[in-house]
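Open your viewer and keep the selection tool handy.

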Amino acid sequence: MSDNFDFIAEISKGNIYTLLNPPEKEGGLAVFWLIQRLEEGLFPNNSFKESDIHEALKVTTPGSDAENSRSRHAFYNKIVSDLREYFLRYDEEKQLYTFKEHAFLFYRHSYEALIANFSPTQIERICSSLHEKLAQCQSLDHLFIWYKMEFKTFSPQLRRQVDFLDRQIDHSVTSFRENRRLNLQEGDILETLRQLEDKFESIRAHNRELRSAYREMESIRRVLEDKAQHYNDTELDDLVHEAIIFFQEIRKILTIIDKRLDRIQPRIKQLFANLNKPLFNTRVDRFFNHLIDNSTENPEGAKKEIVLPGNIPAARLWWLPQYFTIIERKANLFPVKLQKRELIPESAAAMQQAFAPFQQRLKQQDEISKWLEIIQKSLDANGEVSLSDYFFAIYQDKFELTLAISVVYRAITVYDRQDKYIVIINKENNISNPGFNTTIWETLIKKKV
């Protein structure tokens with residue numbers, strides 16, 4: 001782009017902006033209609049007459065015809081005159097029209113924006129082709145050619161796929177809002193919600209497929225950065241930066257689409273549940289009322305049998321009989337040979353060694369109970385205790401980390417289960433003691449007021 005070209009200033013002059021876009025809707029539709037006929041081969045030498053333009057105007061916008069032929073002819077002439085600035089080229093000698101390049105660009109841009117064909121496979125092929133051709137670049141000139149001929153050509157297609165997904169969400173939400181304003185019946189609203197939920201699931205699936213199709217982006221970025229470092233060219237650095245920014249924007253938009261779906265889908269499901277529950281309750285109430293109003297009693301002796309309405313079949317319960325095979329087990333079928341038990345004499349030292357771990361655990365339980373009583377007395381007196389302080393006090397008194405941990409854990413477990421106490425653990429504040437290489441979260445036990 002030339003540094004001396006002021007785009008905003010130029011397009012603001014006169015009616016240039018209006019002429020770049022057909023000033024009348026009828027003119028734009030006529031251009032589309034003629035180009036389609038041109039692509040079908042209906043106009044030899046890609047040229048057509050002014051009468052063909054008039055026919056296109058009549059076909060595409062029949063309701064815009066003026067009441068008399070004179071005013072209609074003047075209206076058509078004005079449209080043709082405006083289109084000749086950027087869209088039509090006129091051969092005075094042959095009295096034929098042809099399209100300028102701007103007309104084809106205008107047609108292709110509109111067509112591709114509306115065709116809405118989502119194809120992750122096609123995008124995957126484009127990304128793979130970009131990566132493959134970039135890897136084949138062996139010189140600085142080849143890199144510039146790749147950027148201008150490959151990347152700049154296909155990047156709009158990549159962006160259109162993302163824009164398509166975003167538009168699908170907007171269209172789905174708009175359609176749902178319009179249906180709600182129509183005051184539809186409950187069943188119609190539920191069906192609309194089902195269709196909308198299926199649509200969002202489809203969009204999310206497309207978004208995942210598009211992410212998969214863009215897996216070559218990271219490889220392209222690495223190759224571009226490597227090439228830029230190898231050639232050390234300022235202009236190439238700018239182009240590489242622009243390409244990397246483009247891929248980052250694509251990923252950012254895909255993330256935004258995911259977040260939009262995460263916000264919308266739970267609301268749709270909640271609304272679906274809110275509408276579905278009253279409908280179910282209403283049907284159950286109607287069913288019970290129907291049973292109460294239309295059921296009759298059929299006395300059979302001392303008993304009375306409830307007879308349901310004729311359109312409701314009687315419930316018939318049937319159980320499958322269970323037959324169990326009982327196998328008798330004889331006690332002496334496989335007699336066990338008696339073996340003489342060998343008695344091993346026990347010594348006092350062996351018994352003491354065997355019971356030592358058990359006695360140690362009992363001793364530790366006594367210590368834990370003692371400290372819990374101390375904590376309880378302090379809690380009764382002050383209404384609040386700091387287990388963090390008791391942790392270091394026990395640690396310093398007994399030099400047993402296991403005992404300190406056990407007391408704190410037991411205290412939290414005991415008081416957390418009681419309604420009149422509250423256990424507060426502040427993970428933001430770590431309590432430490434200079435004498436020990438250990439920290440603990442601030443842990444308080446308070447009486448509820």
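Start with strands β3 (residues 296–300) and β4 (residues 303–307): they run antiparallel and are joined by five bridges. Keep in mind that this model is predicted. Now pick Glu 297 and look across to β4, where its bridge partner is Ile 306.

Next, select Glu 50, which belongs to helix α4 (residues 50–60). Its relative accessibility is 28%, so Glu 50 counts as partly exposed. Leaving aside residues up to four places away in sequence, Glu 50 touches Asn 77 and Tyr 97.

Now for the rings. The whole structure holds 16 aromatic pairs. One of them is Phe 48 with Tyr 97, a stacked pair with 6.4 Å centre to centre and 15° between the planes. Phe 48 sits in the loop between α3 (25–39) and α4, and Tyr 97 in strand β2 (residues 96–99), so the pair ties together parts that are 49 residues apart in sequence. Both residues are buried.

For another geometry, select Phe 151 and Phe 247: their ring centres are 5.9 Å apart and their planes at 75°, so this pair is edge-to-face. Phe 151 lies in helix α8 (residues 140–181) and Phe 247 in helix α11 (residues 234–294). Phe 151 and Phe 247 are buried.

Finally, select Phe 43, Phe 48, Tyr 90, Tyr 97, Phe 99 and Phe 104 together: ring pairs link them into a cluster.

Terms used. Residues numbered from 1 in each chain as written. Predicted model: local features only at pLDDT ≥ 70, side-chain atom pairs only at ≥ 80, totals over all residues. Heavy atoms only, no water. Pairing = 2+ DSSP bridges. Helix = DSSP H or I, 4+ residues; strand = E, 2+ residues; numbered from the N terminus. Buried < 20%, exposed > 50% of the residue type's maximum accessible area, 1.4 Å probe, protein only. Contact = heavy atoms within 4.5 Å. Phe/Tyr/Trp six-rings, centres within 6.5 Å; stacked < 30°, edge-to-face > 60°.
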